[in-house]
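Welcome! Try each task yourself before reading on.

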Amino acid sequence: MPTLNKSIRILLIVLNFFLGLTAIGGGIQLLIGFYVPPVEMLAGSPFDNYTIPGLALGLIVGGSALTAAMLMIRRNRFATLSSASAGLIIMVFEFVEMLVIGYSAGPQGFMQLLYFGLGVVIVVVSLGQWFFELLAVP
């Protein structure tokens, strides 16, 4: 059981670091306007440009995932909760993105599904980690 628990923790560290670093990169990409969807896709939404979505992606999504990874490394008692929260945050971000700009076939749609799926995996694995933590409590 300790080996499985360690493997799950390492998996969560890797998944959260991947999410955090790519979310920060994606946020920067939106902020500088490099390879972004047309601004016209934001018509009818609360956003005039990609500044707020870029900041949300980089700071909220990326920050929560990197925080979760660091807490996992430090074996903090809030690490599992933080990891599950990071997974939920990217799921909400992608859901809102699909509501605002819609789903389109191609790279953009693939990324939406990939990151929503990554959020699901992080939440499920975090719940598994939480279960093993409960089993370890005397």
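In which handedness of crossing, left-handed or right-handed, does helix 1 pass helix 2? Helix 1 passes helix 2 in a left-handed crossing. Keep in mind throughout that this model is predicted.

**Exercise 1. Get your bearings in the fold.**

Task: find how many helices and strands the protein has, and what pattern they follow along the sequence.

Solution. Start by counting: there are four helices and zero strands. Reading along the sequence then gives the pattern α-α-α-α. To finish, consider the overall dimensions: the C-alpha atoms fill a box of roughly 55 × 25 × 20 Å along the principal axes.

**Exercise 2. Return to helix 1 and helix 2.**

Task: decide whether helix 1 and helix 2 are roughly parallel or roughly antiparallel, and sort the residues of their contact by class.

Solution. Step one is the geometry: the two axes come within 7 Å and cross at roughly 160°. Step two uses a cut-off, since angles over 145 degrees count as roughly antiparallel. Helix 1 is therefore roughly antiparallel to helix 2. Step three turns to the contact between helix 1 and helix 2, which divides into 20 nonpolar residues, eight polar ones and one charged residue.

**Exercise 3. Follow the chain to helix 3.**

Task: work out how helix 2 and helix 3 are arranged and which residues make their contact.

Solution. Look at the axes: those of helix 2 and helix 3 come within 8 Å, with a crossing of roughly 160°. The pair is therefore roughly antiparallel. As for handedness, helix 2 passes helix 3 in a left-handed crossing.

**Exercise 4. Complete the set with helix 4.**

Task: describe how helix 3 meets helix 4.

Solution. The axes of helix 3 and helix 4 come within 8 Å and cross at roughly 155°. That makes helix 3 roughly antiparallel to helix 4. Helix 3 passes helix 4 in a left-handed crossing. The contact between helix 3 and helix 4 holds 13 nonpolar, eight polar and three charged residues.

**Exercise 5. Explore the largest pocket.**

Task: state the volume of the largest pocket, then describe its lining.

Solution. The volume of the largest pocket is about 830 Å³. Among its 32 lining residues, L30, L57, F93, E94 and E97 are the closest to the centre. Next, ask where the lining comes from: helix 1 (2-32), helix 2 (51-73), helix 3 (79-101) and helix 4 (107-136) each give two or more residues. Helix 3 supplies the largest share, nine residues. By class, the lining of the largest pocket has 25 nonpolar, five polar and two charged residues.

Methods. Residues are numbered from 1 along each chain as its sequence is written. This is a predicted model: local features need pLDDT of at least 70, side-chain atom pairs count only at pLDDT 80 or more; totals for chains, interfaces and linings use all residues. Side-chain values use heavy atoms; hydrogens and water are left out. On a 1 Å grid over the protein atoms alone, a cavity is a set of points where a 1.4 Å probe fits but cannot get out, and a pocket is an open set with protein on both sides within 12 Å along at least five of seven lines; lining residues have an atom within 4 Å of a point. Grid points are joined across faces, edges and corners, and a volume is the space filled by probe spheres set on the points. Ala, Val, Leu, Ile, Met, Phe, Trp, Tyr, Cys and Pro count as nonpolar, Asp, Glu, Lys and Arg as charged, and the others, Gly among them, as polar. Axes are lines fitted to C-alpha atoms, for helices over the stretch in contact, and angles run from 0 to 180 degrees between N-to-C directions. Angles under 35 degrees count as roughly parallel, over 145 as roughly antiparallel, 65 to 115 as roughly perpendicular and the rest as oblique. A crossing is left-handed if the near helix is turned anticlockwise from the far one by less than a right angle, and right-handed if clockwise. Contact means heavy atoms within 4.5 Å.
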